[in-house]
Amino acid sequence: MTRVKSLVVLLPFLLAACAQGDPLDTSGSDQTPTVEADAGTIVIGTANFPEAQIIGHIWAEALDNAGFTATVAPGIGSREVYLSALEDGTLTVVPEYAGNLASFYAELPEQADEADVRDTLAESLPETLELGEFSPAESADAYRVTAATAERGIRSIGDLDKLDHITIAAPPEFAERRYGPPGLTSVYGIDPGKITVRPISDGGGPLTVQALAEGAVDAANIFTTSPAVTGKGEKPDLVILEDPLNLIPPQNIVPVIRAGELPPGALDVLNDVNARLTTRDLTEMNERNVGDERAEPAAIARDWVEATR
């Protein structure tokens, strides 16, 4: 079992894990977390949304099973805060998303692929930090359409240009993001006059899904690991559009570690777990968290570790 009694994290960092938030969000508290842990304990910090907390608990559970002592400091608000806490040694390791981590430290080239992300991280990551292996699992922005739209020949992001007009449900800031309308034009050559963003501020959640399912929009920005359920609890048949030109940078799960702080063998455990984790696993675990079950991240993580040992 993951040990939690030795850990103290001061509010407002303890956040209820009751809904799927933006897995790439960097907003949140700007205060440094206060953590107390027994000597030798591996402290895994996580951002303030359920998916990150699930991953953190998976790592802690696997480490405990391998004979290490690990605990989770959940719900730390912003990327600035938890990376700073990692650099100063308050935390030992955090789960991150590779593309956004690279963008935090440097400018990713347009149409960045995994090699670009790796190269950028190799050049820009502070010397106080090191990385584990990239997981095949990733949680990235994605364009989704209904199955009916896909059957009309809309299979990739570039195929959206076949539509006379493109209305996209997305968070308000999507309109300015490089993978939003600007990238549809610069990367895929779509006329900007055809593109309209319908702002919905639920991070690709139920309201966004419902707008797409009901035909109010043509496409929607919904994360690859979102269970994509409507506000009525229904799961419409949606298709993620292919992105052959890499408009959206890869967001593989990767451990970011305070250099030299993990005991021998601990990184091997994290890398082994990450190698077995899939995007589908994350989607199914997120659904357990936000669906009727409302399972807690620690319980979801424990079940996954037991099922994959």
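Student: Is the crossing of H1 and H8 left-handed or right-handed?

Tutor: The crossing of H1 and H8 is right-handed, a crossing being left-handed if the near helix is turned anticlockwise from the far one by less than a right angle, and right-handed if clockwise. The model is predicted, so local features need pLDDT of at least 70 and side-chain atom pairs count only at pLDDT 80 or more, while totals for chains, interfaces and linings use all residues. Residues are numbered from 1 along each chain as its sequence is written, and side-chain values use heavy atoms, with hydrogens and water left out.

The mean pLDDT (the predictor's confidence in each residue, from 0 to 100) is 88 for the protein, with 87% of its residues at 70 or more. Residues 1–21 have pLDDT below 50, and pLDDT is also under 50 over residues 24–30.

Two packed helices are described by the angle between their axes and the distance between the axes. H1 and helix H8 (residues 266–276) have axes 10 Å apart and pack at an angle of about 125 degrees. Helices (H or I, at least four residues) and strands (E, at least two) are DSSP runs, numbered from the N terminus. Axes are lines fitted to C-alpha atoms, for helices over the stretch in contact, and angles run from 0 to 180 degrees between N-to-C directions. The angle makes H1 oblique to H8; under 35 degrees counts as roughly parallel, over 145 as roughly antiparallel, 65 to 115 as roughly perpendicular and the rest as oblique.

On the H1 side, Ile 58, Trp 59, Ala 62 and Leu 63 make the contact (heavy atoms within 4.5 Å), and they meet Ala 266, Val 269, Leu 270, Val 273 and Asn 274 of H8. By class, these are eight nonpolar, one polar and no charged residues. Here Ala, Val, Leu, Ile, Met, Phe, Trp, Tyr, Cys and Pro count as nonpolar, Asp, Glu, Lys and Arg as charged, and the others, Gly among them, as polar.

H1 (residues 50–65) also packs against helix H9 (residues 279–290), at an angle of about 110 degrees and with the axes 10 Å apart. H1 and H9 are therefore roughly perpendicular to each other, and their crossing is right-handed. H1 contributes Pro 50, Glu 51, Ile 54, Ile 55 and Ile 58 to the contact, and H9 contributes Leu 282, Met 285, Asn 286 and Asn 289. This contact of H1 with H9 has six nonpolar, two polar and one charged residues.
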